[in-house]
Amino acid sequence: LPLLLKATLLRLASGSYHPFYNGFYYNHIMNDNGDGQDKVDYFNGAKLVVETSRDPVYSYNGANVTLPCHYRYQPDLGPKRKIRIKWSKLRDDYTKEQDVMVAIGKTYVAFGDFKGRAHMHQASRHEASLVISDVHLKDDGKYRCEVIDGLEDESDVVELRLQGIVFPYQPPRGQYRLNFHEAEQVCQDQGAILANFNQLFQAWSEGLDWCNAGWLADGTVQYPIRLPRKPCGGVHLAPGIRSYGPRHRHLHRFDAFCFSSALKGEVFYLDRPAGMTLEEAKQSCQDAGAEIARVGQLYSAWKFLGLDRCNAGWLADGSVRYPIVTPRANCGPAEPGVRSFGFPSKGKFGVFCYRER
């Protein structure tokens with residue numbers, strides 16, 4: 001029967017030794033005998049299928065997460081075969097961005113920033129799931145699970161989304177002072193990263209309205225508008241994300257849109273009757289077994305932990321802010337948010353501290 005199938009396939013392929021694709025799969029065995037017969041094609045009749053989660057997998061900074069992936073054969077080939085599994089992180093357009101891990105059997109190698117954080121989870125016979133420990137903010141994105149069995153190669157994509165918040169950021173020097181690389185750094189200094197478009201769009205859909213343009217992670221400059229108005233693109237444009245497109249990463253200067261995830265720890269407020277200078281505030285946090293909170297940590301505590309405090313406090317960047325969940329008299333505008341007093345050079349205030357659990 002195998003010889004009959006081979007002869008039939010070769011005739012249909014017009015004399016070629018390369019099999020045509022008809023929805024079935026082939027095993028190719030190399031021949032080094034030098035007799036001109038460099039391949040023998042064996043039809044195994046089995047289709048390799050790879051499946052991941054259709055829905056995004058949600059996690060947060062510092063957590064452990066499993067990206068599910070399973071494979072199977074149609075029809076089933078019986079005992080588990082020795083296959084190769086490869087995980088890659090993708091760009092938004094599904095082109096490859098970086099290798100994450102390669103595994104054969106129980107042996108695996110993780111690459112780059114995933115070393116020591118990525119490993120396989122193979123609790124069942126045809127499982128190829130990826131476990132990422134101590135999730136980083138930049139782990140957010142799409143991942144490809146690729147299963148390779150000889151010359152058969154199938155894959156599927158799963159998306160990891162971090163629960164987080166986007167916030168606009170201006171440095172003490174004022175509006176539009178950051179090139180792209182400086183914007184990356186100020187977000188990092190605030191316990192965050194530059195937001196990507198999907199994160200900004202999600203924030204806009206949840207109510208973010210900000211008329212100052214800021215850098216995103218892909219080098220574009222954009223800003224979210226819920227209420228169209230003259231200084232923000234005009235009153236006749238529909239609500240949405242306004243875009244300046246890609247800008248020169250060294251020469252052009254804007255603000256930044258930063259993304260911070262949910263916290264592993266807690267943000268709390270300290271005060272003295274007479275208030276504190278910035279240096280006194282930092283020391284008070286240290287005395288409490290904590291550190292002065294960064295802007296991203298305050299935003300995360302406001303959104304995910306419901307931090308509501310109508311008292312202004314120092315943050316690590318020298319700004320003074322306070323978070324309001326329930327708007328009320330003498331606590332700023334009529335909507336929830338993180339209020340800012342800017343970067344005062346004088347004055348004494350309380351302080352927001354951050355302590356990991």
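Me: Where does Asn196 lie?

Reply: Helices (H or I, at least four residues) and strands (E, at least two) are DSSP runs, numbered from the N terminus. Asn196 sits in the loop that runs between strand E15 (193-194) and helix H3 (197-205). The model is a predicted one, in which local features need pLDDT of at least 70, side-chain atom pairs count only at pLDDT 80 or more, and totals for chains, interfaces and linings use all residues. Residues are numbered from 1 along each chain as its sequence is written, and side-chain values use heavy atoms, with hydrogens and water left out.

Me: Is Asn196 buried or exposed?

Reply: Buried means under 20% relative accessible area, exposed means over 50%, and partly exposed lies in between (1.4 Å probe, protein chains only). Asn196 counts as buried because its relative accessibility is 19%.

Me: Which backbone atoms does the side chain of Asn196 reach?

Reply: A polar contact is a pair of N or O atoms within 3.5 Å; within protein, one must be able to donate a hydrogen and the other to accept it, and residues adjacent in sequence count only if both atoms are side-chain atoms. The side chain of Asn196 reaches the backbone nitrogen of Gln199 at 2.8 Å. A polar atom of that side chain also lies 3.2 Å from the backbone nitrogen of Asn198. For contact in general, the rule is heavy atoms within 4.5 Å. Leaving aside neighbours within four places in sequence, Asn196 is in contact with Asp140, Leu216 and Ala217.

Me: How do I read a sheet, for instance the one with the order E5-E11-E10?

Reply: Strands of a sheet pair through backbone hydrogen bonds, either parallel or antiparallel. Two strands count as paired if DSSP finds at least two bridges between them. Here the sheet is open, has three strands and pairs them in the antiparallel sense. Strand E5 (65-67) and strand E10 (118-121) stand at the edges with a single partner strand each, so one side of each has no neighbour in the sheet. On average, neighbouring strands of this sheet are turned by 30° against each other, direction ignored. For such angles, axes are lines fitted to C-alpha atoms, for helices over the stretch in contact, and angles run from 0 to 180 degrees between N-to-C directions. Between E5 and strand E11 (residues 129-132) there are three bridges, and Thr66 stands opposite Val131 in E11.

Me: How many disulfides does a search of the whole structure find?

Reply: A disulfide is a covalent bond between the sulfur atoms of two cysteines. In this model a pair of cysteine sulfur atoms counts if they are within 2.5 Å. The search finds five. With the bonded cysteines numbered in sequence order, the pairing is 1-2, 3-6, 4-5, 7-10, 8-9.

Me: Which parts of the chain does the disulfide of Cys187 and Cys258 link?

Reply: The sulfur atoms of Cys187 and Cys258 are 2.0 Å apart. Cys187 is in helix H2 (residues 180-189) and Cys258 in strand E19 (residues 255-261), 71 residues apart. Both cysteines are buried. The angle about the S-S bond is -80°, and the link is left-handed.

Me: What is the torsion about the S-S bond of Cys211 and Cys232?

Reply: The torsion is about -120°, so this disulfide is left-handed. Cys211 is partly exposed, at 23% relative accessible area, whereas Cys232 is buried, at 1%.

Me: Which residues of the largest nonpolar core touch the most other members?

Reply: In soluble globular proteins, nonpolar side chains tend to be buried together. A nonpolar core is a set of buried Ala, Val, Leu, Ile, Met, Phe, Trp, Tyr and Cys residues joined through side-chain atoms within 4.5 Å. The largest one has 88 residues, and Leu67, Trp87, Leu130, Tyr143, Val267 and Phe352 touch the most other members. Helix H5 (residues 295-304) gives the most to this core, with five residues. Beyond four places in sequence, the residues that Val267 touches include Ala293, Leu298 and Phe352.
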